[in-house]
Structures are given as structure tokens and as C-alpha cells.
Amino acid sequence: MTAIAATYDRGARVSLAKGWIYAGLVVAMGITMLMSLTLGYKVYSLGEVWAALTANDGSETATVIAGLRLPRALIAPLAGAALGMAGVLVQTLSRNRIASPDTLGLNAGASLAVVLATVVFGVQSLVGLSLAAATGALLTSVVVFGVAAGAGGLSPLKIVLVGVTFASLAHAVVEIILTSNEAQLQQLLFWLSGAFVDRPISLFYNGLPVVLVGAALAFVLSVALDAMQADDSTAASLGVPLVAVRGLAFLAVSLLTGAAVSMAGPVAFVGLVVPHIARRLVGLRHRHQLAAAALSGAIYATLADVAARFVIYPVEAPVGAITAVVGAVALLVLLMRRLA
Amino acid sequence: MTDIALSPRRSIARPSATVLAVAAVFVLLFLAGIGFGSTWIPLETVANVLLGGGEKTEKLVVLQLRLPRVLAAALAGGAIAYAGYLLQRITRNELASPGVLGVVDGAALGVVLFLAIFSGASNSLTVSIAWQPLAAAIGAVAAISLVFILSGRQASSAIRLLLFGIAVAAVCKALTTIFMLIGPIYQASQAARWLAGAVNTINWTEIQLMLAVLIPVGIIAGFAARHLPPADLDDISSRSIGLNLPVYRIFIFFLAALLTAGAVAFAGGVSFIGLMAPHLARLLVGRARAAGIVVSILLGAIILVGADLLIRVALAPLEVPAGTVTAVIGAPYFLYLLVRKDKTNG
């Protein structure tokens, strides 16, 4: 086992000690969160932010910072971290570097489930919505992997075709449901592309435990997942209970994706891009991959959220559109490299 | 290419009889699409008005209010299906279609850019709307070129084309969302509904523009299609007898992009019709070329007119974009093709 682990460590492109990498990531995450608090339509000084967060005097500045900036400065990194970890897990489970909660349709399935739960079953509570999102992601993964298995094995490229098609189906149904309920365009865009803006802070408190449970589950499975990276028979001969590990890992993916979608909608391609960054930084051991993916996912999502405020200033772009442009280009690059 | 061997069994009926039957279904659906509305107009009255008779009020309702919508659906559905037929034949890939290859989203991006750039302060266009199809065409041609350049020399590899198509479509979609927000709010909300494929707001000027693009391109494509390689010939053999040459392939891709643009420019991103219609046509008339084209066009028109009618019958008074309904039908169909294809391939 140690021998395998040692080989996996060599996957990293960066030869810094891991401690320094993590320290750098944590500092970067702190900086991006501060950027998220201070930068935007109006720029606030760090002093104003500190004052607003410690003693809310009811002034306009304090209200904007505590009521609008703080929720997104917390939700963006949490959702990014969750999607990053979910991306690592699905890429290992499908042994497929272009798999992600988006390309497998899990994001779209989760957002369809939330829309169904709200409109058809009248679910209002945030806990209920998170549960619905996780269930949607879980059901989608069962369906997508089922169809792909029916299509003659889980060929990496084929599973993406199935996932993308399923996503467009889910999007169409979301659109029909929301149009028939005379929802606003804004809400339609939200459930189709994701956003961190105008989210109540209660969503963060509600999503946090779900993400923590999902992350804990993922870390518990990390040794078994290391063994599964090679192939199933190697993993089995190392004593990994394959079925149980797969099932639990999919549960973790569903919790992480579901929590992210219930907080921010389906923010596109975060789970595709982030695992690649993480592997370059810390190599292939899942303990490190997951930790680095969580941190770099948080940084990536927060940066995208800050960028969204300036791309078409003074109007805000939906963050999902920004990550979609970056992610789609990354997908192109990955495809070209894979198929070269 | 093993895919060709999977062509569905030839139909037993004679092609000409099948073509007539499909055409009859189309005419009935077309008349029903016009007849259905706040008041039901009997089919014979509709037919009578279309042939030049009828009273003044009937004429007004049929010709000004109801015909544009149904005609636009028929034109857009037919054009996208035609494009799908050309793409499936030239790539020898039954999963290819304007939607999957990113052409639809490319055309949509072209239109949204056009609306964003040429909008005046009062939300009106600063140039003639006649340029809108050109914008769509530029977007469509750019998207399909990108897909083929990226796929490189083995552009005939099925999965490769599709994945690059999906990635290019994703880029276009994301850019579209951003540019929609740059445009004036009114046009953004219009564009959102249009993007999903809606035919309910089309007027006669737009229909004339559609016809001006689609008729010449369709005729040229009809002549060009005579040189499409037989479906059961592989790439190397068809090249050795002088068919399927690179220039010819590019020409066909170009025509398919223009047909798609002509449909998308005003009817929006109607999804999966370009995939379903040619495939169903092959089930009905086999590999016969002329019959294949005609039946593909008719089926495409039937699907979109039918989807639009379904929305008005089942979901009225809400105006759900027709493209969402075709996606709900088309996505499972694509999955079915994907699964079935591979089982046969072993």
C-alpha cells in the first residue's frame, strides 16, 4: 500500500513541500474572501468591512456588507469546495478525467429535483431543498451510470455523452416547469446557470453540515479510492470492498453536489476544472487531492464570483456563465490532449 | 466505420407511398395548427382561406394571426431536419446533428451578439432586421468550423466530433448568457424565450427573411446532395471513386450551417429535431436519397408544428417555448440511439 501511495505522490507537478502548498492555498482563500467582501459595485475599505461585521450600526454600508456581501463571500467558497471534492470523486469513480458533476448531469439533476420539490410538492424548508437536491443528484448518477452501462460499458467518452444529454433533458423540464409557473426570468437563469448573488445567509448555515458530512465520508474513503485508481481487480486484491466503497462514494458525491446546488444552483464546470488543478499541486493520493480540491475549489469559485461583478460592470454577470466559459474552454483543452 | 452497418432495416412499403402518407400527416397537422386557437376554425375553412377564398374576418385571423406561427414552425423544423440529414450523411454518423455539433448554439450566439451590438437606446435595432440571418449564419459557420478544426484530420471519428461539438456548444451557450445581459433588459427577456426555441412571436417580415435564406440554400443543397456518397460505402472507397472529397465535405457543412442559421435566426434554438427527423426518415424510407431528404424535412416540420400545437392544447394559456418540448422528446431518443448503437457494435 505504501508503495502505491509513494508512486501516486509523484503525480504532482509542483515539488514544494505539501505544508507550504496548503499554507499558500489557505492564505489565497482568505485573500479571495476578503476581495469578495470589499470589491464590487461599491468598493469598501477593510476598516469599513471590519466595522460592519463586528458592530452593525444599521448604516447603508453595514447593511450592504453584512446582508449582501457576507453571504456570498461564505457561500461561494463553500459551494466551490463541495463541487471541487465532488469532481475528484466522480473522476476517480469513472476513471475519467473529463467527468464532473456537470458532464455527468448531476448538477442539472439536482436543480431539477429542487425545482420539482418547490413547485410540485410545495417544499419550503431549506433542509428539505438540500435533501431534494442530494436525492436528485443520487438518482441522476444511478440513471446516467445505468444508461452508460447499458451502452456497452462505462467508456469515459460515452458516459459524458449520456450525462450531457441527460443534463439538457433536465434543463428543458426545469424550463417548462418554471414557465408554467410564471416564474421570473431571473429565477430561470438561476436554476439553469447558478449564482451566488442575493442568497440569504441561512443557506450557508444549512449547507455547511451537509458539505461537512459529505467531505468526512470522502476522506474516510480516501485510502480505498487510492487503490481504486488503478483498476478494479487490483483494488479487490488489496481487500477493498468495491461495491460498498462505490455506493458510499456516490452518496458523498450526491451530498456535496446537492448542497452546492441547493445553495448556488448548478454553477457550471467547477467540478471539472478544480480536480485538475488539485492533482497538479499535490499528486494523486486522495487525502491530498480532496483537501487541495476543496481549497482550490473555494478559491476558484470566489474569484469567479468577484470577476462576475466586473465583467460587464456595472451589471452583474451570473457567475455560472463565467465558470461555464472557463470550464468549456478547459474541456476543449482536455479533449484535445486526451484525443491527441 | 462500423456504424454504417447498423442502418435500420429497409421499410417494406414503397418509398413514394410513404412520402405521400407523411405529407398527408403534415398537411393535416399544419391545418390543425392554424385551426386551433381561442376559437376553433374548421379545417375546410382554413384550407379554403389558404387557397384564396373565405370571408374577411376569417382571412384576417388565419393569414395575419395564426399562419405566421405555424408556417415558421414548419420552416424551422424542416430546415433543421434538412441540415441534420446532410450532417448525418456526410459524417456517416447517425448521432450527428446541428444541435450536437454546436451549430445551433453558434447561430444563437451570433444573433444575441447582433442584438447586443446593434441595439439603440430605445431598445430598437439600429440596423435592418434583415441582417439578423447573416449574424446567425456567421455564428453557425464559425461554430462548425471550430469543431472540425479542433477534431483535426480524423473528423470522421464519431465520438470525437460529438465531444468537440458539445464543448463548443458549451462555450457558445456561456457567452450567449453573458451577452444577453449586456443587451437592454427588454431584449434580454425576449432573447431568453427565443433561445429556448419559440415560434409564437414571429411576424410576416421574419417569415419572408426565413424564406429568402432557406429556399435558395435548400435548392443548392438539394443539388449538392446528389453527390453524397452512398451510405454503405466507407470513407476510403468513396474517396477513391471521387466522392466525399475534402472540399465537397466543407461545402456540405457550410450548407448545413446556413440551413440551421436560417431556422435559428428567428425561431430560436429548437433542439434535437435535426437528430430525430433524419433518423426516423431512414426508418421509413430506407436509404433512398431524394425520399430521405423530403421525408426528413416533412418530419422535422411535423415535429415542431406538433410540439407547438401540443403546447397550445395542453399548456394554454402559458407560452412554453417549443424547443423545450422537442428536447424532452429528443434527449431520450438520443440516449436510445447511443445505447442501441453500442449493443450492436458489441
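Reply: In α5(A), Leu106(A), Gly109(A), Ala110(A), Leu112(A), Ala113(A), Val114(A) and Ala117(A) meet a set of residues in α6(A) that includes Gly128(A), Leu129(A), Ala132(A), Ala133(A), Gly136(A), Leu139(A) and Thr140(A), where contact requires C-beta atoms, placed from the backbone, to lie within 7 Å. By class, this contact of α5(A) with α6(A) has 11 nonpolar, 6 polar and no charged residues (Ala, Val, Leu, Ile, Met, Phe, Trp, Tyr, Cys and Pro count as nonpolar, Asp, Glu, Lys and Arg as charged, and the others, Gly among them, as polar).

This is a predicted model, in which local features need pLDDT of at least 70 and side-chain atom pairs count only at pLDDT 80 or more, while totals for chains, interfaces and linings use all residues. Residues are numbered from 1 along each chain as its sequence is written, and chains are lettered from A and ligands numbered from 1 in the order in which they are written.

Helix α5 (residues 106–119) of chain A and helix α6 (residues 126–150) of chain A pack at an angle of about 135°, their axes being 7 Å apart; axes are lines fitted to C-alpha atoms, for helices over the stretch in contact, and angles run from 0 to 180 degrees between N-to-C directions. α5(A) is therefore oblique to α6(A) (under 35 degrees is roughly parallel, over 145 roughly antiparallel, 65 to 115 roughly perpendicular, and the rest oblique). The crossing of α5(A) past α6(A) is right-handed, the near helix being turned clockwise from the far one by less than a right angle.

As for the setting, chain A has 15 helices and 0 strands (DSSP runs, H or I of at least four residues for helices and E of at least two for strands, numbered from the N terminus). Its C-alpha atoms fill a box of roughly 65 × 50 × 35 Å along the principal axes.

Terms used. Contact = placed C-beta atoms within 7 Å.
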